[in-house]
Amino acid sequence: MKIHKEGYPILLLEAIFTLLIGGCVFWMLGPCWASYVVTAIPLILLLFLISFFRFPERTPAGNEHLVSAPADGTVVIIKEVQEDEYFHCKMLQISIFMSFFNVHANWSPLSGVVNFFCYHRGRFVNAIDSKSSTNNERTSIVLRNSDGQEILCRQIAGLFARRVVSYAEYEKKFNAGDQIGFIKFGSRADVFLPLDSKVFVKVGDKVTGAETILADIRK
């Protein structure tokens with residue numbers, strides 16, 4: 001198990017804070033139950049952050065036609081929607097909600113080239129709300145495979161998430177399962193697929209980023 005690079009600065013600051021608190025408390029009170037209790041609070045927070053920024057090894061299952069999950073979490077939406085940012089037509093939306101306890105790295109759901117990338121400032125309402133897809137802080141990434149088929153992957157900040165990190169750039173090539181970014185503290189990932197895609201998941205399913213196949217977009 002590795003620690004994701006996005007966690008290094010936060011974990012370093014929290015480790016320093018934990019040491020300072022522990023040192024000051026034991027210097028002032030000595031070794032007593034109160035010292036151990038006070039020191040345990042930042043230590044527990046540090047352990048939680050280490051868990052949050054964990055970055056497990058994954059075996060990518062997607063390719064140019066099989067769309068894999070861009071994130072760990074629970075499928076909360078599968079429905080036909082009007083997508084007006086890029087496609088301007090009806091698309092199939094699959095949304096994955098990430099809790100505090102999920103891995104928050106994001107993986108490319110398809111092998112292809114970035115044909116569109118856009119960052120949007122926005123609100124921070126609960127990411128499980130369907131309106132968060134267009135109202136919250138988010139990034140939109142369109143990937144085009146060698147057949148010319150395109151899908152849109154959207155990283156969405158949540159109620160507590162305050163930063164969406166994306167590694168996408170226009171015309172950058174990604175293989176399915178490559179890292180495309182990270183969302184800090186509770187969030188959602190959406191994919192928008194052609195309506196005739198064959199879907200392999202249902203609402204309520206637990207999915208694993210890079211490894212669970214969501215759909216086949218092969219014509």
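1. Is Y86 buried, partly exposed or exposed? Y86 is partly exposed, with a relative accessible area of 22%; buried denotes under 20% relative accessible area, exposed over 50% and partly exposed the range in between (1.4 Å probe, protein chains only). F87 is buried at 18%, and F116 is partly exposed at 21%.

2. On the basis of the note: this is a predicted model, in which local features need pLDDT of at least 70 and side-chain atom pairs count only at pLDDT 80 or more, while totals for chains, interfaces and linings use all residues. Residues are numbered from 1 along each chain as its sequence is written, and side-chain values use heavy atoms, with hydrogens and water left out.

3. The whole structure contains 2 aromatic pairs; rings of Phe, Tyr and Trp (its six-membered ring) pair if their centres lie within 6.5 Å, with planes under 30 degrees apart counted as stacked, over 60 as edge-to-face and the rest as tilted. Y86 and F87 are edge-to-face, at 5.0 Å centre to centre and 90 degrees between the planes. The pair of Y86 and F116 is tilted, because the planes stand at 45 degrees, with ring centres 5.2 Å apart. Y86 lies in the loop between β4 (73-83) and β5 (89-98) and F116 in strand β7 (residues 112-120), so this pair ties together parts that are 30 residues apart in sequence. Y86, F87 and F116 form one aromatic cluster. Helices (H or I, at least four residues) and strands (E, at least two) are DSSP runs, numbered from the N terminus.

4. Helix α1 (residues 8-29) and helix α2 (residues 33-52) have axes that come within 9 Å and cross at roughly 175 degrees. Axes are lines fitted to C-alpha atoms, for helices over the stretch in contact, and angles run from 0 to 180 degrees between N-to-C directions. The two helices are therefore roughly antiparallel, a term for angles over 145 degrees. The residues of their contact (heavy atoms within 4.5 Å) divide into 17 nonpolar, 4 polar and 1 charged. In this division Ala, Val, Leu, Ile, Met, Phe, Trp, Tyr, Cys and Pro count as nonpolar, Asp, Glu, Lys and Arg as charged, and the others, Gly among them, as polar.

5. I217 is in the segment after β16 (213-216) and is buried, with a relative accessible area of 1%. Beyond its neighbours within four places in sequence, I217 has contacts that include E64, L110, I151 and L193. The C-alpha atoms of I217 and E64 are separated by 8.7 Å, although the two residues are 153 residues apart along the chain.

How values were computed. Parallel < 35°, antiparallel > 145°, perpendicular 65-115°, else oblique.
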